[in-house]
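Here is a friendly walk through a two-chain model, meant to be read with the structure open beside you. Shall we take a look?

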Amino acid sequence: MNHWMFNCRKVTRMVSDSLDHKLPLYQRFGIRIHLMMCKFCSRYRNQLLLMRKIIGPKMMDKKETDLSIKLSSKARERIKRLMQNSRNEVS
Amino acid sequence: MNDIRSISEKSPVNPDKWVGRYGDYLYRYTLVRVRDVAAAEDIVQETFLAALNSYKNYQGRSSEKTWLTGILKHKIIDYFRNKTKEALYHDTNTLSFAPEDFFNRKGQWKIKPVKWNADPQKLIEQQEFMKVLHDCLSQLSQRHANAFILRKIIGEKVKEICKTLDITPTNCWVILYRARMYLRRCLEKSWFADETYEETS
């Protein structure tokens, strides 16, 4: 690949950065051109996006609203008991 | 009516009522991130006990729920940190693939990404995959893991992560880059490895 274009190593770094902050225009443009020609970097980008979907906070927020997930009564009682003990020790 | 409700939500409740009032919420928050029932219960328990100890310092500046969630987040980070330590102890080839190892001197791919055929929704419903993901996460070096967990598991902004870890933004981006490179390769190796390997470009 021509040296005036970004190489794969640089592109992977910039693709990662683009997930954390907005890149300058020339970088976004450079990445675009590179991705059009480079199968492996496109793959890399898709994989990072997939990872973001799997581990991202969005996926969690969705499940966080699932009200059927509850602390078991066993755990609940245990915690209450431990808290009571701890308070008795202090006082 | 609204006034009364907002006051009762902000004014501190008796610690005896914490579990009943916030237990399920804190547990949900934890389970979604940790994905292990026993571990999640322990973390919630530790959170309440820690809150009890530092209750005197609670100024009532934030709502009680926010305050408890703050303590919980630290406990979740501790949990992953400890997992990281365990992994470091057992596994000596931690970060064996640094980003530099993937490219030749011209910056071209040496270890090429393999094609992944995966539906994210189906993936996270597969227990085996989640185990692989946890294993990969726990193999990250501590610095990388902390940054990555804060960013991805807690959903913190990069700015706040830099503050927490006391590093510059550029450093933060490098760390996240390295963590992603590692994690990507780890998942590829341990989950997608059976895909057909393509050498040609």
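## Domains of chain B

Into which domains is chain B divided? Chain B splits into domain 1 (2–90) and domain 2 (99–190), with bounds that come from an automatic or database domain assignment. Ten residues from domain 1 of chain B and ten residues from domain 2 of chain B take part in the contact, where two residues count as in contact if their C-beta atoms, placed from the backbone, lie within 7 Å. On the domain 1 side, helix α4 (residues 64–90) of chain B supplies the largest share, eight residues. That side divides into four nonpolar residues, one polar and five charged. Here Ala, Val, Leu, Ile, Met, Phe, Trp, Tyr, Cys and Pro are nonpolar, Asp, Glu, Lys and Arg are charged, and the others, Gly among them, are polar.

Before going further, please keep in mind that this is a predicted model, in which local features need pLDDT of at least 70, side-chain atom pairs count only at pLDDT 80 or more, and totals for chains, interfaces and linings use all residues. Residues are numbered from 1 along each chain as its sequence is written, while chains are lettered from A and ligands numbered from 1 in the order in which they are written.

## Helices in both chains

Chain B has nine helices and zero strands, and chain A has five helices and zero strands. Helices (H or I, at least four residues) and strands (E, at least two) are DSSP runs, numbered from the N terminus. Of the 91 residues of chain A, 23% are buried; for the 201 residues of chain B the share is 34%. A residue is buried if 20 or more other C-beta atoms lie within 10 Å of its own, exposed if 12 or fewer, and partly exposed in between, with C-beta atoms placed from the backbone.

What about contacts along the sequence? In chain A, 57% of the contacts between residues at least 6 apart in sequence join residues at least 24 apart. In chain B, residues 24 or more positions apart account for 67% of the contacts with a separation of 6 or more.

## The nonpolar core

The largest nonpolar core holds 59 residues, and those with the most contacts inside it are B:Val44, B:Ile76, B:Ala147, B:Leu176 and B:Ala179. Such a core is a set of buried Ala, Val, Leu, Ile, Met, Phe, Trp, Tyr and Cys residues joined through C-beta atoms within 7 Å. Helix α9 (residues 169–190) of chain B gives the largest share of this core, ten residues. Both domain 1 (2–90) and domain 2 (99–190) of chain B contribute residues, so the core lies between them.

## A bent helix and a loop residue

Helix α2 (residues 18–34) of chain B bends by about 30° at B:Asp24; the bend is the angle between axes fitted to the seven residues ending there and the seven starting there. Because 13 of its 17 residues are buried, α2(B) is largely enclosed by the rest of the structure. Just after α2(B), B:Arg35 has a positive phi of about 55°.

B:Lys115 sits in the loop between α4 and α5 (120–125) of chain B. With 17 other C-beta atoms within 10 Å, B:Lys115 is partly exposed.

## Where the chains meet

The contact takes 38 residues from chain A and 39 residues from chain B. In chain A, α1 (8–18), α3 (39–55), α4 (57–64) and α5 (73–90) each supply at least two residues of the side that touches chain B, and α3(A) gives the most, with eleven residues. This side of chain A consists of 17 nonpolar, six polar and 15 charged residues.

## Confidence

The model scores ipTM 0.75 and pTM 0.71. The mean pLDDT, the predictor's confidence in each residue from 0 to 100, is 86 for chain A, where 84% of residues reach 70 or more. Within chain A, confidence is lowest in α4(A), at a mean of 61, and highest in α1(A), at 95.

For chain B the mean pLDDT is 79, and 82% of its residues reach 70 or more. Among the elements of chain B, helix α1 (residues 2–10) has the lowest mean pLDDT (45) and helix α3 (residues 37–53) the highest (94). Residues 1–9 of chain B have pLDDT below 50, and beyond near neighbours in sequence this stretch has one contact in the model.
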